[in-house]
Amino acid sequence: MKSVQQEVDERSNLTGTNKFELLLFRLGGDENGERSELFGINVFKIREIVAMPQITAVAGAPAHVLGVVNLRGQIIQVLDLPGIAGITPKTGLNIMLVTEFARTTQAFAVESVEEIVRLDWSDVMSAEQSAGSGMVTSIARLAGENGEPGRLAQVLDVETILRNMNPGTGPDISQQTVGAKIQIKPGSVILAADDSVVARALIEQGLEAMGLPFIMTKSGKECWDQLNTIANVADTEGKSVYDRVALVLTDLEMPEMDGFTLTRNIKKSARFANLPVVIHSSLSGTTNEEHVKNVGADAYVAKFSAEDLSGTLRRVLKL
């Protein structure tokens, strides 16, 4: 039997292989509780899974906020995830998922937890063209058993869910917050990658406030392909990729290719090795920051503070 430390180490090492682990759970189904679909969230975002505790209702709380719980001295808001998704639990809200990311801790009530599966990011496809609600960032293809076709799991965009729940509490993105305009080489851009609709919007607003031209992509693979295209065009113009791209700003969790793999590809390439890469992620903690160093990224900044992002970009760009 593996020790707890062995399991932690093994899970952490997945970041070097374009793999990750997905916690699968169910929210319920239609109005009769039927057609229960699978949903997923990256295990790195899960702090703990507990049986539903006693919840204290909060007066005047918004819809789908069940209340708060006292979990070992920490007061945590509990959100009704099936209610947010418009799904009816058949057996009730039985499990609470406590999550940590983007500098916050919150809990989601779900009907049941299934299992943890290990996947390659290449098995995860963007859902932007097929999921109109914005709540689902990607679709994971799960392997079937005994020749059976594989299942599909919807990977939730927690950033979008929380932003939709608290639309008036967005970050301060202003000239005063980000400081003076940042000047980079004329003709060059910031190449950014993030699969979350909300995160992309915030990044775009932040870069615009900083006066930085940018190209936004939706996955690590799209960013890598775009970088190579830019480099090829630069070659035909007798220029270098460094004349066209000042810095790469990337999320970690992305379909097809994650930010760790994207960063490693850039830093191991003779063509791009000196290109600055900044990881901009909701996955926080010392473990992830250590992996960021191991793959050669120039900096890590947690989502989302326009002031922190501006300061990090200035430092890396030496401006």
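In what sense do strand β5 and strand β7 pair, and over how many bridges? Strand β5 (residues 74-80) and strand β7 (residues 104-110) run parallel, over 3 bridges; strands here are DSSP runs of E, at least two residues, helices are runs of H or I, at least four, and both are numbered from the N terminus. Two strands count as paired if DSSP finds at least two bridges between them. In β7, Ala 109 stands opposite Asp 80.

A word on the model. It's a predicted one, where local features need pLDDT of at least 70 and side-chain atom pairs count only at pLDDT 80 or more, while totals for chains, interfaces and linings use all residues. Residues are numbered from 1 along each chain as its sequence is written, and side-chain values use heavy atoms, leaving out hydrogens and water.

Now zoom out to the sheet: it's open, with 5 strands in the order β3-β6-β7-β5-β4 and mixed pairing. β3 (46-51) and β4 (65-71) sit at the edges with a single partner strand each, so one side of each has no neighbour in the sheet.

Next, the helices. α3 (residues 158-165) lies across β4, β5, β6 (95-101) and β7, at about 95° to β7; axes are lines fitted to C-alpha atoms, for helices over the stretch in contact, and angles run from 0 to 180 degrees between N-to-C directions. α3 also packs against α5 at about 75°, with axes 7 Å apart. Their contact (heavy atoms within 4.5 Å) uses Glu 159, Thr 160 and Arg 163 of α3 and Val 197, Val 198, Ala 199 and Leu 202 of α5. Just after α5, Gly 211 takes a positive phi of about 75°.
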